[in-house]
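My entries follow the structure.

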Protein chains: 2
Amino acid sequence: MNVTMSLADRLRAFVDIVGEANALTATADIKPYLTENRGLYHGASPLVLKPGSTAEVSAILKLASETGTSIVPVSGRTGLVGGQVPREDGQDVLLSLERMNRIREVDPVADVIVADGGAILADVQKAAEAHDRLFPLSLGSEGSCRIGGNLATNAGGTAVLAYGNMRQLCLGLEVVLPTGEIWDGLRRLKKDNSGYDLRDLFIGAEGTLGVITGAVLKMVPRPRGRQVAYVGLASPEAALQLFEKASQRCGSALTGFELMPRIGIEFTTKHIAGVRDPLTSIHPWYALVDISTSDSAETAETMMQELLAEAFEAGLVSDAAIASSLAQQNAFWHLRESMSEAQRPEGGSIKHDVSVPVSRIPAFLAEADAAVHALMPDARICAFGHLGDGNIHYNISQPVGADKAAFIARWREVNAVVHAVVHRHTGSISAEHGVGQLKRDELAASRPAIETELMRRIKQAFDPAGIMNPGKVIG
Amino acid sequence: MNVTMSLADRLRAFVDIVGEANALTATADIKPYLTENRGLYHGASPLVLKPGSTAEVSAILKLASETGTSIVPVSGRTGLVGGQVPREDGQDVLLSLERMNRIREVDPVADVIVADGGAILADVQKAAEAHDRLFPLSLGSEGSCRIGGNLATNAGGTAVLAYGNMRQLCLGLEVVLPTGEIWDGLRRLKKDNSGYDLRDLFIGAEGTLGVITGAVLKMVPRPRGRQVAYVGLASPEAALQLFEKASQRCGSALTGFELMPRIGIEFTTKHIAGVRDPLTSIHPWYALVDISTSDSAETAETMMQELLAEAFEAGLVSDAAIASSLAQQNAFWHLRESMSEAQRPEGGSIKHDVSVPVSRIPAFLAEADAAVHALMPDARICAFGHLGDGNIHYNISQPVGADKAAFIARWREVNAVVHAVVHRHTGSISAEHGVGQLKRDELAASRPAIETELMRRIKQAFDPAGIMNPGKVIG
């Protein structure tokens, strides 16, 4: 087997590994794999492979390394940076984990779930729930995103404040290396200091160092009490002060603290069926405060009431609604989670996924708003997100009546001014969505040269043939 | 500058970087750097360098790479695996971070401390306390161990259950690479998905990939309530059940759960001044349960009382003492933390630092005890540690009246049978102390070959001249 095989023979050999029934070769079948949700990237590929086992993944990558065939791993296809989209030259073969979607084992005594790389996040959550546990990773696309992709992008979401990113929720991995070798690192130990941390190197590498085919995931105790409040605020400063108070008072019981602007509430109540504003009064900013307690429902209740009472007294909070039922808690969160989708009917949206030290959020917002309005006075800024993590989805809807294509054409220009503010506050221009194609070159230009150099050396060491998701993360 | 310089000229050039006053060349001055606490390793070195800045560390490593001079980084010298001890051939130059011991900055709004690699752990704890925060890493040697070493070994300790290992407490690093290049990764972001996770690669690499000269460390809110109980138990099974109950009931408020055997209590009360058994009744096993709550002192109080009441009712707990003052809380912990030291007057001790999935601890202890007693019927097993982390310090004191040297000579033989039990339970033979010299070859023999191979490729990519702490972690 070598690089001189004809293309047809090579593709045939790949198909033989998984069998005809598990390979897509017709243009119409392949099409859904060639774009991503935002429509920013359109790639081409002759073949989608759907292996059914780790051994098949291994055989595919071995053949790929031997023949110099580039492979793009595909998980739930919900990524937002083009990491799962093949390049335009039509050379990349797609490797989809969709058939490897089993929950391999739930061990409630060790508090772990072992899952295939293609297991859907919601299925992992349900498996934990069935054992009266919580798998805390939670994000908008949880019904279709898959564990392998969650790990490859070190996914964040709405419960990071209390439970951390995906990195913190994983104890062990099974990875097929670009050479086809299998690393069985499926450990389920809380502590293991026995060599270099390979696990964390694969997590967040966006499929450029290997394919994650299995993982040991941590479960945590299910909270016994929960309270969610929707709070009207005068400014991001007030939100920050409320967050600090909540953090001090609630400690690790503070599970979520999300910031939302008035315009986001307007978009959401207007465009998303069934969503309404929980408050009758109108405020420039809002926070969603989520408190979960391990001991009893009353503790969460008391904590939230005392926090809000204190915040009212300090003049931080203008008005607030505390959810009175599970349905209301879900409705409050649904409002927040629909915010991105609610921008769609408003036309084009230029997006940023940035983080700064939490204390810098008000200054960042003020400076970024000024910079964007200097470029486009009528742009409608809809900045929302995980204030407690310092992570803002700084989205900008087009001016009313503007031309969508002309607006979107200014994506990079707008990025440049917003990211300049991020750098001024020592932040990251890629907080939770990853690098993919979208931010590859911009990151390389902004990080220390030695860092890119070390990444390049690692890539070379793990993938000497350069076949794994080429063109993503590093050039 | 090249490898053909005479040894004397080479050493002279190193001394010139830090200045005469900051270089030790006299045998008597160097001597304390050549051994470690347990007396297992004795090395040799012609020179100890004490750089005063990151730039000086950089100059040292650049010269070392150019001249092929091996460098052993030295932090607080409290490591237990020989990682900080030079080799016996006298070629290694020691690089001590002891002069780089500053707290560079405390930022209570971003909840971070920026510290030099040589800052003493207790000083970091105090700096957090001065700002009404907690830096949660806590271990026996905290008065002398240093942050660089804590990071290089991914230190654990007694609060891992709630706060994680050192890895979870670090946001960013400054590292001098073996080539002398400086990586400024001193980020203070909660979220940053912008490339390969270099930080976690340096953490736990035991100084074989570079020297950690600075770090951004996380502070957490100081608990408002705390309760510590000392509990008498019939068996490790009862301890495990109590842990599960505590975990379910207290969630993240359960800060510590330590297991201790009767013999450990006997050694400690006998040999450590001022320590007494908090219970008058005698039990085969004991647990130390530590609950910290963020909201109020009463919550911790109530939680502990309800937990113990329920455990008594279920027949899990035979007797218990709840600390009635801060002094008593400290006394309970002092008993636990003196347990290793209390073994010393009893003669030789063969030690293991192992982890297994938490649920396997009772089976592990039973099988390991049987295996050790089959070898040495009169060996006195003193197995204690972090049950909640699945991490046991499985220590074995020599039989009464035995010859210490003859007993210690059987170290590897005893290791072999204990570690075989660990492997049977899919555990780690290096849970928190690291690899160093002590476990290098044994780990290489027990882990998948591909894992050692990947580690070797990373080592080669970061340290092409092979000068960084050679012979440690990987051969």
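A crossing is right-handed if the near helix is turned clockwise from the far one by less than a right angle, and left-handed if anticlockwise. Helices here are DSSP runs of H or I with at least four residues, strands are E runs with at least two, and both are numbered from the N terminus.

This is a predicted model, in which local features need pLDDT of at least 70 and side-chain atom pairs count only at pLDDT 80 or more, while totals for chains, interfaces and linings use all residues. Residues are numbered from 1 along each chain as its sequence is written, chains are lettered from A and ligands numbered from 1 in the order in which they are written, and side-chain values use heavy atoms, with hydrogens and water left out.

Next I noted the geometry. H12 (residues 361–375) and H14 (residues 411–424) of chain A pack at about 155°, their axes 9 Å apart. Axes are lines fitted to C-alpha atoms, for helices over the stretch in contact, and angles run from 0 to 180 degrees between N-to-C directions. That angle makes H12(A) roughly antiparallel to H14(A) (under 35 degrees counts as roughly parallel, over 145 as roughly antiparallel, 65 to 115 as roughly perpendicular and the rest as oblique).

I then listed contacts (heavy atoms within 4.5 Å). Among the residues that meet are A:Phe364 and A:Leu375 in H12(A), and A:Val414 and A:Arg424 in H14(A). By class, this contact has 10 nonpolar, no polar and 3 charged residues (Ala, Val, Leu, Ile, Met, Phe, Trp, Tyr, Cys and Pro are nonpolar, Asp, Glu, Lys and Arg charged, and the others, Gly among them, polar).

In chain B I checked H1 (residues 7–18) against H3 (residues 54–67): the angle is about 165°, with the axes 9 Å apart. H1(B) and H3(B) are therefore roughly antiparallel to each other. Their crossing is right-handed. B:Phe14 of H1(B) and B:Leu63 of H3(B) are among the residues that make the contact.

Which strands form the open sheet in chain B? I found 5, in the order E5-E6-E10-E8-E9, with antiparallel pairing (two strands pair if DSSP finds at least two bridges between them). E5 (103–107) and E9 (182–185) of chain B are the edge strands, each pairing on one side only. The twist averages 10° from one strand to the next. H3(B) packs on this sheet, touching E5, E8 (170–176), E9 and E10 of chain B.
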